[in-house]
Amino acid sequence: MLQQWARLSGKPTVLLLDEVDALVGDTLISLLRQIRAGYAQRPEFFPQSIVLCGVRDVRDYRLYQDGAEVITGGSAFNIKAESLRMGNFTRAETQALWLQHSEATGQVFAPEIFDQLWPDTEGQPWLVNALGHEVTWKNKAARERSRPISLADYQQARERLIDSRATHLDQLSDKLREPRVHSVVSAIVGIFLEWPTDPQQGMYGPLQRVVIELKIQRGSLDSLLATGLEQTVDYSTRVGADEAHLFIFNRNPDVPWDQRIWQRREQCAGWEVGVWGA
């Protein structure tokens, strides 16, 4: 098909295959082998360039057979010329994109929305657009363009997007289960908790915000405390937390439990941090 397509075109053709990393096993191998086989026929009888779009680099593709991982390689995978990554929007670009809605419709956003939009998305294109669509279209009340969009409107849209478990968010959670990713993320993960203090208003009223940073002890406790406290305070400051806690897990089986379990308070950069041994 690609040979015929390229032959009928008067110009070199470019083929983009989206979500190609959703292919697995023999289907993926077949695709890559066909691409490699047609390479020598470019550009008269095969696409001049082919872009494999996905969340992984082609060199990171993995095959599974009978529950066991197969280490990939060989000529079928030796087809990549270069890896390109779509960058995120800057903070200014993120705000400018949303303000295009205001310019087109006259509907204004509460300025404090942008102070949350950036840390929520850090300019990730899908998130920026999905949140914008959720707050301006999925919220039927906001379709009345004379009505300003408030911070509460934004926060409600954010919660709805999370609850919707959109495909991109499910893909993210799936990648976090991969051993290579999990081994890195598990070492730096920290449980940020928001709890409503007014049952009537729920998550859209006043909130109690608590940061809990988790660390695994692999050496000096003093060194881990120094870096852990700094990270905990930095995170707590950025999210506007009311409380900050640092949990340190000692998994050395030679250390008795009465030495692993302890609790104290530490001062760091004007914060009082609860430190817990476990």
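What follows is a chat about this predicted model.

Q: Before we dig in, is this predicted or what kind of model is it?
A: The model is predicted.

Q: Left-handed or right-handed crossing?
A: Right-handed for helix 3 passing helix 5.

Q: Which residues touch there?
A: On the helix 3 side you have Thr94, Leu97, Trp98 and His101. They meet Val128, Asn129, Leu131, Gly132, Val135 and Thr136 of helix 5. By class, that contact of helix 3 with helix 5 has five nonpolar residues, five polar and no charged.

Q: What about helix 4 against helix 5, what angle do they cross at?
A: Roughly 140 degrees, with the axes coming within 9 Å. That makes helix 4 oblique to helix 5. The crossing of helix 4 and helix 5 is right-handed.

Q: And who's in contact in that pair, helix 4 and helix 5?
A: Leu117, Asp120 and Thr121 from helix 4 meet Leu127, Val128 and Leu131 from helix 5. Four residues of this contact between helix 4 and helix 5 are nonpolar, one is polar and one is charged.

Q: Helix 5 and helix 6 next. How do their axes cross?
A: The axes of helix 5 and helix 6 come within 9 Å and cross at roughly 115 degrees. The crossing of helix 5 and helix 6 is right-handed as well. Helix 5 brings Trp126, Leu127, Ala130, Leu131, Glu134 and Val135 to the contact. Helix 6 brings Asp153, Tyr154, Ala157, Arg158, Arg160 and Leu161.

Q: How many charged residues are in the contact of helix 5 with helix 6?
A: Four charged, alongside eight nonpolar and no polar.

Q: So where does Leu131 of helix 5 turn up?
A: Leu131 is part of the helix 5 side in the contact with helix 3, in the contact with helix 4, and in the contact with helix 6.

Q: What lines the largest cavity?
A: Gln155, Arg158, Glu159, Glu194, Met203, Tyr204, Leu207 and Arg209. Helix 6 (151-164) and strand 6 (207-216) are the elements that give two or more residues to the lining of the largest cavity. Helix 6 has the largest share, with three residues.

Q: What about the second largest pocket, what's its volume?
A: The second largest pocket has a volume of about 190 Å³.

Q: Which residues line the second largest pocket?
A: Met1, Leu2, Gln3, Leu15, Leu17, Leu31, Gln34, Ile35, Ala37, Gly38, Gln41 and Phe46. The elements giving two or more residues to this lining are helix 1 (2-8), strand 1 (14-17) and helix 2 (25-38). Helix 2 gives the most to the lining of the second largest pocket, with five residues.

Q: How many charged ones in the lining of the second largest pocket?
A: No charged residues; the lining of the second largest pocket has eight nonpolar and four polar.

Q: Last topic, backbone. Is the Arg42 to Pro43 peptide bond cis or trans?
A: Cis, with omega near -15 degrees. Pro43 lies in the loop between helix 2 and strand 2 (49-52).

Q: And what's the phi at Glu19?
A: Glu19 has a positive phi of about 55 degrees, even though it is not a glycine. Glu19 is in the loop between strand 1 and helix 2.

Notes. Residues numbered from 1 in each chain as written. Predicted model: local features only at pLDDT ≥ 70, side-chain atom pairs only at ≥ 80, totals over all residues. Heavy atoms only, no water. Left-handed = near helix turned anticlockwise from the far one by under 90°. Helix = DSSP H or I, 4+ residues; strand = E, 2+ residues; numbered from the N terminus. Contact = heavy atoms within 4.5 Å. Nonpolar A, V, L, I, M, F, W, Y, C, P; charged D, E, K, R; others polar. 1 Å grid on protein atoms, 1.4 Å probe; cavity = no way out; pocket = protein on both sides within 12 Å on 5 of 7 lines; lining within 4 Å. Points joined across faces, edges and corners; volume = space filled by probe spheres on them. Axes fitted to C-alpha atoms, helices over the stretch in contact; angles between N-to-C directions. Parallel < 35°, antiparallel > 145°, perpendicular 65-115°, else oblique.
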